[in-house]
Amino acid sequence: MSSSLKDDNSRPLKRARLDDNTSSSAIPNESISALATTAPAAPIASDNITALSDLDREIRAGITEYVCPENLGFTGTLKQRYTDFLVNEIGLDGKVLHLKSIGAGDVGKVVEKTKVEKSELKVDKVEESKDDVEMEGVQKVAGDGASNGGEAAGPKIDENQEQEATSKVSDEDLNTLQSMFGETATLEILALVKQIRKKYDKKAKDFKAVIAPPITDKEKRTQAHQCLRRIFPAMLESSMEKDQSIRIKAVPPKERGTKRKRGNGRDQVREQDRRRGQLGWEELGGEYLHFTLYKENKDTMEVIGFLGSKLNNGSKGFGWAGTKDRRACTVQRISVKRQTADRMNHLNKLLFNAAIGDFEFLPHDLSLGDLMGNEFVITLRNCRFQNEQGLDFSQRVELAHEVVSKAVKDFADKGYINYYGLQRFGTFAASTDTVGLKLLQEDLKGAIDDLLTYSEVALAAADSTDVHSTVLVSQDDRNRAKALDIWKTKQDGSRALAILPKKFSAERNIIQHLSSKNSRSGKHDRVQDWQGALMCVPRNLRLMYVHAYQSLVWNVAAGKRWTLFGSQVVEGDLVLVHEHKDKEAGSASPILDTIDQNGEEVINPSGENSGIADEDMFERARPLSASEAASGKYSVFDIVLPQPGFDVEYPKNAVGKFYEEFMGSEKGGRLNPHKMRRSWREISLSGGYRKFLSKPLGELSFEIRQYEKEEEQFVETDLQKLKLDRSIPKGGMGKPSNGPPAAEAEAEAEDVEEGEMEVEQEEEKEPNKIAVVLKMQLASSQYATIALRELMKAGGVQAFKPEFMGGR
C-alpha cells in the first residue's frame, strides 16, 4: 500500500469545507500538546467511523503517541488543490520517477505490423512464375536436399548459383541481409525462401532451419529480426538460440501469405497482416511493456480499469508496485503484458487528467513492493502556529520558520513511530479492520453484514427530493445505499445490482452470488452461502480486511512499546535476522538446548534438515539478549514489531505480554495471538514484521510561502513541465496552446491604457497567508499522513473536504 493519503479519510455527516473563517482561527496554546499527551492508549469504539473526527479516528486506530511531543505544532489545510499533494515513485534503483515524454517514439517498432503496400500483398501467378525462373538455381539445390531423408538440407550454393539466388532481392535488402547474417547465411536464407514457395503446403518442420552466426549486440539482433519480417513477410520466423545465434525457419503453411490457395482474398490479407503482427517480444527486451502513469484526482485502479476496458482484457496483465492516492498528482510505473507502445500511446487521446509515456519493454512485470518508496511534495495552506497570538504577519512568518525547521530537524534525527495510516482502515460505515476481525472470528455472515452496511444519511439523501439540503452526498454513494437497502429489505438481487455502481466490486460480487441460481440444482439456494460469496470478492480485497486487523493490533502495540521503553533498546526486543548477520560475525554461535523438558537429549536440526530454509531467513526475527541490548550495536531503528500470525516471534518482554492482553480483550476480538491458524486457509495468517520507528529516506526540505490568492500554486507537476517544454505530441493529453507570438503579446501590452494598469495595481493585496511546502522521501511501507502528524502534532492536518462527503 502506498504511503499516501486516501481521498476523504473521514466523511462527516455535515458539509465541512474549510474556509477562511474556520481555518485561520488561532490555536489555543496548550491544545496540541495536551492532545498529544492525553490520548488513550487503546482504540475507542464506534459503530460508524464516518461520525468520528479525524483525531478520534486516529485514537480508534491506535495512533496516539509522538516521538517529540514537546515541539510546537501547527495546522494547515491538506489537499485544497490536487497540485498540493505530489507523489512520485522512487524505483528500486533509488531514482525518483518523473514523466519525461508522452508518445511511443521508436519503442517497439519490431513488433508493429510491417507496413506492406497492398500491391505487394497481391502476388499473382505471373509474379510467382517469374520467381520460379529467377530462383531456379536455388530450387535445384533445395530439391536435392529435400530428397535426402525427406528433410531439406542446408543449401549449398556455388558461385554460379549465387547471382540467380539474389536476383529477386533488391540490392539494398541484399546488403542489409549480408551485413546482418553474412554472405553464406544470406544465401541459405534465400534458398529456404525458394523452397517454401515451391512447396507451399509442406509443413514447417519439413524445411531445414537456417542457423545464422551469433549476434551479440541486442540492438543489431533486433534489427535482424525486423529485416527478415520486412523482406520476407509471412514467410519466415526467427528466434534467438542460447548462444545468441539466430534460428530462421518457415512459418506454418496456414500462416503463409505469398499465395492465396485458401479462403477469399480479404481473409488472406487479414491473415497476412495478423502474421506480420506476431510479436517478437524477446528481441524487444521482453513481453512486458513498462510505462509511466501520471494521474490527477484518480485512483490507480480507476485508470488501470479504464485502460484494460479499452484493451478488452480488464486489469489482467497489468502490474504495479503500489497504489497511489486519489486526491493528488501522482507518477508511478505500470507494466502490461504483450501490448505495443503505439497501441498504448493511442489511449492517451482517451485519458482525462491522466497521461502515459516513457515506454520500455522488459522481461518481467511489476508487482506490489517493487519500489523503494515515494517522494512527496506537500503544500499545506492557511497555516497557523502555536503561540502566534498577538504577532503581526512578519512575526508570524518568522515563527513559522522556527517551528517548521525545529520539527524537520527532529523528524530527520529522531524519526517517528511507523504507524499504519487511517487509509488502512477504510472510509465506510464499517471499518476494514472490523470486517477482518469477523473473518478471523470465523463469523462470515457478520463479515458480509459489515461489508453491506450503508449510512442512513446516504439512504435519506437517495430518497430525498430536497436539492437545497445541507448534507451533500455523491450520486454513487446514494446509489450504493439505495441498492444495499433493496437487498437488505427485499432480497431482490437483480434490482439491487441494476442500481449499484460497478465501482463497488465487493458489494456487487456478494449480492450477485447470494442471489444467483445454483448451476447444479437450478434453485436459489445460495442466499446463505457466506464463504462462497466472500470467495467472489477479489482476493486482494479479502486479504486487505484481515491485514487491516493486523495493522490495528500493530498500531496499539507500537504505542504501548513507546510508552514503556521509548527509544531505549531493551532485552527481548526483536530484530530481523538477515539485517544483523554482520553483528553476529566473530561471536559465539548461540547455544542451543541439548536437553528437553523431560530430560531427554535433543538433536538440533541443521543444513537440509533445518525447518528454516536460507531463503526464508529474511522473514525471521529474534529477540535480543540483555548483553546485546546494552552493547550499543543495535538502535531503536533496528527494532521490529510483529503483525500477529502463526509464524512470527513475539517480543520476549512486556510488549509480548501486551499482545496477549490486547488481542484477548473485547476490543481485540478475544483472539489468541499464538493460535492464528484458521480452517479457511486464506485467512490463516502467518504474520510479518514492521519497523517500529522510521526515518525519511533522504533529506527533508521545506519552504515558507506567503500568499494572498487561494488559487495560487507553488509547485509544478510533471505534466505542467512537459507542457512548458512543448514536448506533448498532438493528441496526447491535449496539445498546449502556443499563445500569441512575442511581438503580438508586446503589442497587446502596449494597448492597455495607463488607467487600467493603475486599477490593477490598486486591486493587488499584500500577502496575508502562510503556506508550508514540504519535500520528503519515505519508504514504501511508510505513510505521509503519519509523517505529517509527527511534524504538525495532533489535529494539525486539516484535510480539505470536497463538496460531496456524507455518503459512506
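1. Two strands pair if DSSP finds at least two bridges between them; helices (H or I, at least four residues) and strands (E, at least two) are DSSP runs, numbered from the N terminus. With that in hand, look at serine 238: this residue stands opposite isoleucine 248 in S5.

2. A word on the model: it is predicted, so local features need pLDDT of at least 70 and side-chain atom pairs count only at pLDDT 80 or more, while totals for chains, interfaces and linings use all residues. Residues are numbered from 1 along each chain as its sequence is written, and side-chain values use heavy atoms, leaving out hydrogens and water.

3. S4 and strand S5 (residues 246-250) are joined by five bridges in the antiparallel sense. They belong to an open sheet of three strands, ordered S3-S5-S4, with antiparallel pairing. Strands S3 (210-212) and S4 (236-240) are the edges, each pairing on one side only.

4. Which residues of H13 are buried? Thr300, Val303, Ile304, Leu307, Gly308 and Leu311 are, where buried means under 20% relative accessible area (1.4 Å probe, protein chains only). Seen down the axis of H13, the buried residues fall within an arc of 135° (taken from the directions from the helix axis to the C-beta atoms), so they line one face of the helix.

How values were computed: Buried < 20%, exposed > 50% of the residue type's maximum accessible area, 1.4 Å probe, protein only.
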